[in-house]
Amino acid sequence: MRLSLFSSAIVASLVGYGSTIALLLSAAAALGATPAQSASWVFAICLAKGLTSGFLSFYTRVPVVLAWSTPGLALIAASGGITMVEAVGAFLLAASLIVLTGAWGPLGRLVQRIPDGIAAGMLAGVLLPFCLPLMGAIEGLPLLVLPMIGVFAVVRLRNPALAVLAALAVGVGLAFALGQATLPALSLGLPQITLIAPEFRASVLVGLGLPLFLVTMASQNLPGFAVLRAAGYVAPVRPALIGTGAASFLSAFAGAHTISMAAITAAICLGEDTHPDRNERWKVGLAYAGVWLLLGLFSPLIIPIIAALPPALIAALVGLALLGPLMGAATGAFAHADQRFAALVTLVTTASSVSFFGIGAAFWGLLAGLAVCALEQVTKKT
């Protein structure tokens, strides 16, 4: 175990945790989660990521670096009128579909048949509403948010992966220095799991569970496998889908949403700087697992500090964290000329946050895009 394995794992873990923990807590708040349920969510998903990354890396001898579904968090946070127990039911459905995709080939092929532009348009529509409040955050707290944006812009020129983490560090420091936040009372207690009995409501399963599965597959798992292939590895698709789906299913009872393959943070761990021998690089998955277990254990210290920060800072941080994914999704949505209008319809419908029959906008955006795409194909044939 070279020291470089640990340094890459630490950087990748801190980037993944620091850049999106605020979004996770926002999603939990949107569901009306209690403080105990929010803490359980963070601890359970850290355990799921750590243990599954370590197991899959050891089992496949491939550096498997996992993430929690960031677009999934944005989708959850945008889903109004859903309780925590109903969300757990949707998480279980999404996890089950991921397992089924890995175990049953036809379902995986059906997901892959969704046009790339429409899948990207749905993702862009989910992310866009979370980037728009960035300007409002500047108006509300300019002395706090403008330095965050400046640091983000400068660091992004040299190291995009660390830009959000640098903005978080600046924002937290300024918030306490300017009196915009007060350090809460901290106690180093062990985190606890809070078990949640799920409730299954059809509209929530269709409006949240199904889109959560689709965005996790399209925006996390497929790019994650592509990053592995680009690094010269044979992507362990079947074990990874079954493993992450099973871990997500178990952790859902503690309130956690889905875990998935990582792309950006995985790239940090796949280069020669991690280990010069590509056949030994899988060990970074073990180091990555250890870091995530530590992050889970120290979550009782981290969560109160994040919760004490002003809402404008959290809105700015979430917006900055999602600019990159939004850019990628928008690029993918309009990359194919024959899918652009359908992708635009998908994006606009999803971003509108409309809800019909209790079913959220992501599902209707996907349905609208597929309908337009099918209509255009029929018209071309005639």
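Modeller: Two residues are in contact when heavy atoms of theirs lie within 4.5 Å. The model before us is a predicted one.

Colleague: With which residues is E86 in contact, leaving aside its neighbours within four places in sequence?

Modeller: E86 is in contact with G81, E199, R201 and V204. The place of E86 itself is in helix 4, which runs over residues 84-103.

Colleague: Why is E86 called buried?

Modeller: The term buried requires a relative accessible area under 20%. E86 has a relative accessible area of 10%, so E86 is buried.

Colleague: What span does helix 2 reach, and what is expected of it?

Modeller: Helix 2, residues 35-60, has 26 residues; its first and last C-alpha atoms are 37 Å apart, close to the 38 Å expected at 1.5 Å a residue. R61 follows helix 2, and its place is in the loop between helix 2 and strand 1 (66-68).

Colleague: Why does R61 count as partly exposed?

Modeller: Partly exposed lies between the buried limit of 20% and the exposed limit of 50%. R61 has 41% relative accessibility and therefore counts as partly exposed.

Colleague: Is P276 buried or exposed?

Modeller: The term exposed requires a relative accessible area over 50%. The value for P276 is 53%, so P276 is exposed. The place of P276 is in the loop between helix 12 (264-269) and helix 13 (284-297). Beyond its neighbours within four places in sequence, P276 is in contact with R2 and R281. P276 and T60 are 216 residues apart along the chain, and their C-alpha atoms are separated by 19 Å.

Colleague: Why does L144 count as buried?

Modeller: L144 has 1% relative accessibility, under the limit of 20%, and so counts as buried. L144 is found in helix 8, residues 142-158. Not counting residues up to four places away in sequence, L144 touches G171, L174, A175, P310 and L313. The C-alpha atoms of L144 and A197 are separated by 40 Å, although the two residues are 53 apart along the chain.

Colleague: What does the secondary structure of the protein come to?

Modeller: The protein has 17 helices and 2 strands.

Colleague: Why is the protein called as compact as a globular protein of its length?

Modeller: The globule rule gives 21 Å for 382 residues, and the radius of gyration is 20 Å; the two values are close, so the protein is as compact as a globular protein of that length. The C-alpha atoms fill a box of roughly 65 × 50 × 45 Å along the principal axes.

Colleague: What share of the residues is buried, and what share of the contacts joins residues 24 or more positions apart?

Modeller: Buried residues make up 53% of the 382 residues. Among contacts with a separation of 6 or more, 83% are between residues 24 or more positions apart.

Notes. Residues numbered from 1 in each chain as written. Predicted model: local features only at pLDDT ≥ 70, side-chain atom pairs only at ≥ 80, totals over all residues. Heavy atoms only, no water. Helix = DSSP H or I, 4+ residues; strand = E, 2+ residues; numbered from the N terminus. Buried < 20%, exposed > 50% of the residue type's maximum accessible area, 1.4 Å probe, protein only. Rg over C-alpha atoms; globule rule 2.2 N^0.38 Å. Expected span 1.5 Å × (residues − 1).
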